[in-house]
Amino acid sequence: MYRREVGSTLRQALDTVPGYVFDNDSTHSREQHRCLAAAYDPVTLERLAATGVGDGWRCLEIGAGGGSVARWLAARVAPTGEVTATDVKPHHIPATPLLTVRRHDVVTDPLPEAAFDLVVARLVLQHLPERLAVLDKLVRALKPGGVLQIDEFDTSYEPPLLAPDARAAELYSAFLRAKAAAMRAGGGDPHWGRRVPAAMRAAGLVDIDPLPHIELRHARSAGLRLQLHHTYHLRDRLLAEGLTDTDLAAVRALMQDPAFRAASSILYSTQGRRPAPGAGS
């Protein structure tokens, strides 16, 4: 219903941009980071705390974005630990004691091996066509006994639950389908979250522990505000997938309707441990 024919110029221009669909250095970046932290830091940080991360640990976060997770880790490892935060465009990460910020492309740039007690990657690998090779690199960066935490979405389930009518519900679903198609066009996998546990096991980790998280989206929730933000941040990509500016205006109004309700996608927070030599699994 909401598909439109689009010109080849926009499609070809977007197809030249590989990988991550969210520009980390645009007018939308700060709001993206703010919404992500508000929506998902509670899940990510609770899981990290459960590892026992504390004084003296060496930690790595790849794709650190605005740096909220890396800054939390820096406070946890004080006074003798250290945290490295990497991103291809890391200038949004503020200076923090015990935190080293590096410009780094995890696909092409090396990481030190057997160097970290804890490695974190949130909403990064799902965007990378080379995700399995990157996963192997992250495993090698762990010390024996070290923990890898990967937080990723599975967007195959995120239905509207309460909408004014069937047409509004379909519009919201069309918006979500367009987002998923835009990710796939860049080589991403919007269902990667469900595949992470098996991929970790295949990469040699043990004690694999996936934890699914789902919540209710409504106009006051950080999760739905993030979706609203995406109608602006991904506008060109959504138009290339067949939506129109009229569609986007309508779905924005829907997401700001106090009566609207939807289920979130599933965020899987999965941990695995690199086995220590001679230790059982």
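**Sheets and helices in a predicted model**

Me: Which residue is the bridge partner of Pro 160 in β9?
Reply: The model is predicted, with local features needing pLDDT of at least 70, side-chain atom pairs counting only at pLDDT 80 or more, and totals for chains, interfaces and linings using all residues. Residues are numbered from 1 along each chain as its sequence is written, and side-chain values use heavy atoms, without hydrogens and water. β6 and β9 (residues 261-263) run antiparallel, joined by 2 bridges. In β9, Pro 160 is bridged to Ala 262.

Me: Which strands stand at the edges, each with a single partner strand?
Reply: The open sheet of 3 strands has antiparallel pairing (at least two DSSP bridges per pair) and the order β6-β9-β8. One side of each edge strand is left without a neighbour because it has a single partner, and these strands are β6 and β8 (216-217).

Me: What angle does the direction of helix α5 make with that of β6?
Reply: Helix α5 (residues 166-185) packs on this sheet and touches β6, β8 and β9, contact being heavy atoms within 4.5 Å. Between the direction of α5 and that of β6, the angle (on a scale from 0 to 180 degrees, between N-to-C axes fitted to C-alpha atoms) is about 155°.

Me: Which are the edge strands, pairing on one side only?
Reply: The open sheet of 7 strands has mixed pairing and the order β3-β2-β1-β4-β5-β10-β7. Strands (E, at least two residues) and helices (H or I, at least four) are DSSP runs. Pairing on one side only are β3 (99-103) and β7 (206-213).

Me: Which residue in β2 is the bridge partner of Leu 60?
Reply: β1 and β2 (residues 82-87) run parallel, joined by 4 bridges. Leu 60 is bridged in β2 to Thr 84.
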